[in-house]
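Trainee: I have a model open and want to learn how to read it. Can we take it feature by feature?

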Amino acid sequence: MKLLIIEDERDLSQSIVTYLGSEKYLCEQAFTYDEARMKIHLYDYDCILLDLMLPGGNGLDLLRDIRRRQNSVGVIIVSAKDSLNDKVKGLGIGADDYLSKPFHLPELSMRIYAIIRRKEFSANNFLHSNGLTIDLLSKAVSANGHNITLTRTEYELLLFFIGNRHKVISKGALAEHLSGDMADMLDNHDFVYTHIKNLKAKLAEAGCKDCIRNVYGTGYQWTET
């Protein structure tokens, strides 16, 4: 799952990135209003952590922009401003949650998880597809009673495929999901093929064959039998 942390306090932002990275989230950062607006317009995210007071603008204006574009990404307002008025305004504009500073990182992680689970996977803790069972809370994958050990990237790929089941996903879209804004700086996206090859091999070994189909000249597709 890919997150955007919009927070101008760099030490706090980095501590969030470090903790959520250990929870297998891919995190990107924005430290100013303009940088955040640019990334929101260019890239897709599963959840956004949004500070209200930013250099160059107000976080509530970013939230208005997100919802005006009919972007349904989950948004958690993270702000030192703890007034009822700010909370009501944010939730009224379209925020999914509000967390006041200071906060505990495990609580932040659970709130992110709750939003992603509700929006992407119909509020289920377990995801089932093609004989696979994915425990979204523990991030464990199993098939036929046996655990499948995946790298963080392989796990991200698997969730992205199942979340977009039956859709053909381009290699460029996969590269952006896995590497975020770094994808634009890469000479090619061959690393995507490598990760998909490894994921397919592990799934096949567990008895889940032909889940990921190569659509020639277009991309890849998760198919359910």
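Mentor: Begin with a strand pair. β8 and strand β9 (residues 132–135) run antiparallel and are joined over four bridges. Two strands pair if DSSP finds at least two bridges between them. Helices (H or I, at least four residues) and strands (E, at least two) are DSSP runs, numbered from the N terminus. Within this pair, Phe126 stands opposite Asp135 in β9.

Trainee: What should I know about the model itself?

Mentor: This is a predicted model: local features need pLDDT of at least 70, and side-chain atom pairs count only at pLDDT 80 or more, while totals for chains, interfaces and linings use all residues. Residues are numbered from 1 along each chain as its sequence is written, and side-chain values use heavy atoms, with hydrogens and water left out.

Trainee: In what order do the strands of the sheet with β8 and β9 lie?

Mentor: The order is β8-β9-β10-β11, an open sheet of four strands with antiparallel pairing. β8 (126–129) and β11 (146–148) are the edge strands, and each pairs on one side only. On average, neighbouring strands are turned by 30° against each other, direction ignored. Axes are lines fitted to C-alpha atoms, for helices over the stretch in contact, and angles run from 0 to 180 degrees between N-to-C directions.

Trainee: Which helix packs on that sheet?

Mentor: α6 does, touching β8, β9 and β10 (140–143). Its direction makes about 110° with that of β9. Contact here means heavy atoms within 4.5 Å.

Trainee: Which strands does α6 lie across in the other sheet?

Mentor: α6 lies across β12, β13 and β14, running at about 75° to β14. Those three strands form an open sheet in the order β12-β14-β13, with antiparallel pairing. β12 and β13 (212–215) are at the edges with a single partner strand each, so one side of each has no neighbour in the sheet.

Trainee: How many bridges join β13 to β14?

Mentor: Four, and the two strands run antiparallel. Val215 has Gly219 as its bridge partner in β14, and Arg213 stands opposite Gln221. β13 and β14 form a hairpin with three residues between them.

Trainee: How do I read a core?

Mentor: In soluble globular proteins, nonpolar side chains tend to be buried together. A nonpolar core is a set of buried Ala, Val, Leu, Ile, Met, Phe, Trp, Tyr and Cys residues joined through side-chain atoms within 4.5 Å. Buried means under 20% relative accessible area, exposed over 50%, and partly exposed in between (1.4 Å probe, protein chains only). The largest core here has 49 residues, and Ile112 and Leu158 have the most contacts inside it. Its largest share, seven residues, comes from α6. A second, separate core has 21 residues, including Tyr45, Ile48, Leu50 and Ile66.

Trainee: What is Leu158 in contact with, leaving aside its neighbours within four places in sequence?

Mentor: Its partners are Leu132, Ile134, Val141, Leu150, Leu199, Leu203 and Trp222.

Trainee: Which residues of α7 are buried?

Mentor: In α7 (residues 171–179) they are Leu174, Ala175, His177, Leu178 and Ser179. The elements they pack against include β1 (2–6), α6 (152–163) and α8 (190–205).

Trainee: Is Asn130 buried or exposed?

Mentor: Asn130 is buried, at 17% relative accessible area. Asp210, at 67% relative accessibility, counts as exposed.

Trainee: Where is the cis peptide bond?

Mentor: It joins Lys101 and Pro102, with omega about -5°. Pro102 lies in the loop between β7 (97–100) and α5 (105–120).

Trainee: Which rings have a charged end sitting over them?

Mentor: The test is NZ of Lys or CZ of Arg within 6 Å of the ring centre and within 35 degrees of the ring normal. Lys2 sits over the ring of Tyr45, 5.2 Å from its centre. Arg10 sits over the ring of Phe31, at 3.9 Å.
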